[in-house]
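Visitor: Could you walk me through this one while I have it open? I'd like to take it piece by piece.
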Amino acid sequence: MSAVALLGAAELGLVFALVALGVFISFRILDFPDLTVDGSFPLGAAVAATLILADWNPWTATGIAVLAGAASGIVTATLNVRFKILHLLASILTMIALFSINLRVMGRPNVAILIQDTVLTPFYDLGQQLGLPDAVVRPLFVLAVVLVVVALLARFLTSEFGLAMRATGVNARMARAQGVSTDLHIYVGMALSNALVGLAGALFAQTNGFADVTSGIGTIVIGLAAVIVGETVVRSRVIVWMLVGCVVGSILYRIAIQVALNADFIGLRASDLNLVTALLVAGALILPRVRNPLKARASAEATSR
Amino acid sequence: MNKMTRVAGTALALLTLATPAALAQTAPKNATVAVTAIVEHPALDATRDGVRDELAAQGWKVGENLRFDYQSAQGNPGTAVQIARQFVGQGPDVIVPISTPSAQAVVSAARDIPVVFTAVTDPLGAQLVRDMDKPGRNVTGLSDLSPIADHLALIREVLPEAKRLGVPYNPGEPNSATLIEIIKKLAPGQGFTVVEAPATKSSDVQGAARGLVGRVDAIYVPTDNTIVSALEALLIVGAQNKLPVFSGDTDSVQRGTIATIGFNYYQVGRQTGEIVARVLKGEKPGDIPVRTAQGTDLHVNPKAAQAMGVTIPEAVVARASKVIGQ
């Protein structure tokens with residue numbers, strides 16, 4: 001495995017870490033199974049790319065992409081909270097609607113920004129002065145963004161408002177009894193979750209030079225896998241470590257794909273990629289459980305002796 | 001041997017020796033070519049096989065002096081990006097991305113490694129190159145823009161009375177978005193009104209086709225990955241309702257559309273392979289103009305036509321390069 005490939009995996013892992021953090025908020029904090037992300041990820045990419053192509057400042061474009069992501073989360077929350085549509089179905093409705101909306105936003109299925117200035121351009125220039133190649137600058141930039149997001153999220157989730165949001169997810173009835181407006185927290189949580197996913201989409205478009213309407217396929221699977229792998233690897237009940245776990249899980253997921261891409265030497269074909277990735281991730285989840293009973297037995301034998 | 005032929009033979013030999021290409025052709029050295037496509041799909045797979053076979057014809061054989069890596073992103077642009085980085089890290093002699101998203105991922109990641117993209121309909125719109133004739137930098141390739149004017153003329157020749165033309169396509173495919181614009185621009189010239197039938201996944205294709213029944217006089221299937229994947233579903237609707245179906249690629253005629261003129265994706269691959277070979281021989285990709293796939297094969301399928309209630313005119317069958325079922 002080459003350094004460029006590993007850096008690429010780390011960079012994609014970091015971009016999708018923002019998705020994992022968003023999914024963490026919806027699935028884990030709010031207990032809201034949200035499939036909107038399959039639409040809000042390409043939405044973020046579409047909005048950012050389209051605005052950049054129209055000569056907008058890339059930072060402004062990214063900001064609007066984040067807002068667009070938040071808006072899609074609010075739509076799902078409204079369908080659920082206001083109109084009592086089952087959360088899963090509400091998010092599916094938003095997701096499929098976003099496919100058409102993304103096509104409208106871009107005006108075509110694929111917008112290229114390979115030659116436009118992005119938020120990364122000044123950093124590429126800086127990297128050139130320091131002798132750093134683009135392949136190093138990109139993951140460093142995304143890492144900085146992810147660190148800022150993790151710090152802000154950790155702070156938010158330990159604030160009074162954040163604690164109320166966590167209470168909403170754990171036991172909505174109890175939270176209401178304590179005077180927490182659960183509806184408000186679902187709106188804010190879903191907006192925040194999809195805002196992060198929109199940011200991920202905007203960064204994906206800018207680090208790779210294009211937005212494609214199909215780039216949302218399987219976003220939820222990647223995000224969920226990252227969250228769960230992260231929970232297995234980083235076992236902690238401290239919120240900041242749980243967030244770090246999402247980031248680590250996302251990077252590990254990409255490294256699993258990278259290993260799968262290099263697996264052709266054992267007679268695997270290109271078409272086996274998804275299977276190998278699934279097996280690696282399943283292995284990562286199962287292994288700690290397999291080892292524990294053995295350890296437990298060993299320690300039990302030790303004590304009985 | 002008389003004097004004339006000997007002189008001509010010597011001249012020819014000198015001429016062959018004088019061309020640099022012929023010099024380079026003598027002994028192809030070992031090469032690595034990395035190929036990636038966004039998804040496994042008959043047309044894209046045929047393109048890949050065409051590239052491999054053309055390289056073999058030019059002296060680079062898999063297992064001898066050619067390492068031919070292939071990866072599919074399984075439909076996920078995120079994975080396409082990761083494959084692109086993987087290839088750049090490996091540093092092959094040429095990277096061949098098939099389809100628009102794969103090409104964009106590779107062009108974005110590869111600054112110095114030669115890239116020969118293929119099966120991209122609109123390379124300028126996709127920002128793969130800034131100029132078709134002088135691409136510059138490390139990128140060149142082949143556009144698979146089909147000869148739509150020829151297709152429309154052919155449909156007009158087979159169906160002189162037809163007025164409304166149904167076009168099923170996936171609005172999520174960049175290639176199709178380009179094609180539908182061209183179709184809408186050229187159709188009035190042949191007296192057609194275009195009726196669009198969007199289908200975003202292969203399971204929607206039959207529904208889209210049914211929606212066209214009674215509203216159109218013929219269906220034209222462009223080189224759209226989604227529609228072509230589910231072509232049989234569309235052909236059933238065509239046969240049941242006596243609605244003639246035409247296609248943009250010759251492979252589909254074999255599967256049961258009435259006729260087309262142009263190329264198939266294996267030929268697209270062979271023509272891409274020619275460009276790859278030029279790069280392997282030392283030409284700079286930036287100096288090689290982006291070509292459009294060429295092909296004037298007329299394929300007709302009289303049996304399919306009969307099932308759809310159409311008789312292909314004798315004149316068309318007579319000049320066909322391939323008549324399916326014969």
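Guide: A definition comes first: axes are lines fitted to C-alpha atoms, for helices over the stretch in contact, and angles run from 0 to 180 degrees between N-to-C directions. Helices (H or I, at least four residues) and strands (E, at least two) are DSSP runs, numbered from the N terminus. This is a predicted model, in which local features need pLDDT of at least 70, side-chain atom pairs count only at pLDDT 80 or more, and totals for chains, interfaces and linings use all residues. Residues are numbered from 1 along each chain as its sequence is written, while chains are lettered from A and ligands numbered from 1 in the order in which they are written.

Visitor: OK, so how do α2 and α3 of chain A cross?
Guide: Helix α2 (residues 37–53) and helix α3 (residues 58–81) of chain A have axes that come within 8 Å and cross at roughly 150°. α2(A) and α3(A) are therefore roughly antiparallel to each other, a label given to angles over 145 degrees, whereas under 35 counts as roughly parallel, 65 to 115 as roughly perpendicular and the rest as oblique.

Visitor: And which residues meet there?
Guide: On the α2(A) side they include A:Gly39, A:Leu43, A:Val47 and A:Leu51, and on the α3(A) side A:Ala61, A:Ala65, A:Ala68 and A:Ser72 are among them; contact here requires that the C-beta atoms, placed from the backbone, lie within 7 Å. By class, the contact of α2(A) with α3(A) has ten nonpolar, seven polar and no charged residues. In that scheme Ala, Val, Leu, Ile, Met, Phe, Trp, Tyr, Cys and Pro count as nonpolar, Asp, Glu, Lys and Arg as charged, and the others, Gly among them, as polar.

Visitor: What's the rest of chain A made of?
Guide: Chain A has twelve helices and two strands in total, and along the sequence they follow the pattern α-α-α-α-β-α-α-α-α-α-β-α-α-α. Its radius of gyration is 20 Å, close to the 19 Å that the globule rule gives for 305 residues, so chain A is as compact as a globular protein of that length. The radius is taken over C-alpha atoms, and the rule is 2.2 Å times the number of residues to the power 0.38.

Visitor: Switching to chain B, how many helices and strands?
Guide: Chain B has 14 helices and 13 strands, and its C-alpha atoms fill a box of roughly 60 × 60 × 35 Å along the principal axes.

Visitor: What order do the strands take in its sheet of six?
Guide: That open sheet of chain B runs β2-β1-β3-β4-β5-β11 with parallel pairing, where two strands pair if DSSP finds at least two bridges between them. The edge strands of chain B are β2 (66–72) and β11 (291–292), each pairing on one side only. Strand β1 (residues 31–37) of chain B joins β2(B) over seven bridges, and B:Ala31 stands opposite B:Leu66.

Visitor: And the sheet of four, what's its order?
Guide: The open sheet of four strands in chain B has the order β7-β6-β8-β9, again with parallel pairing, and the twist averages 30° from one strand to the next. Within it, two bridges join β6 (residues 164–169) to β8 (residues 218–221) of chain B, and B:Gly166 has B:Ile219 as its bridge partner.

Technical notes:
Contact = placed C-beta atoms within 7 Å.
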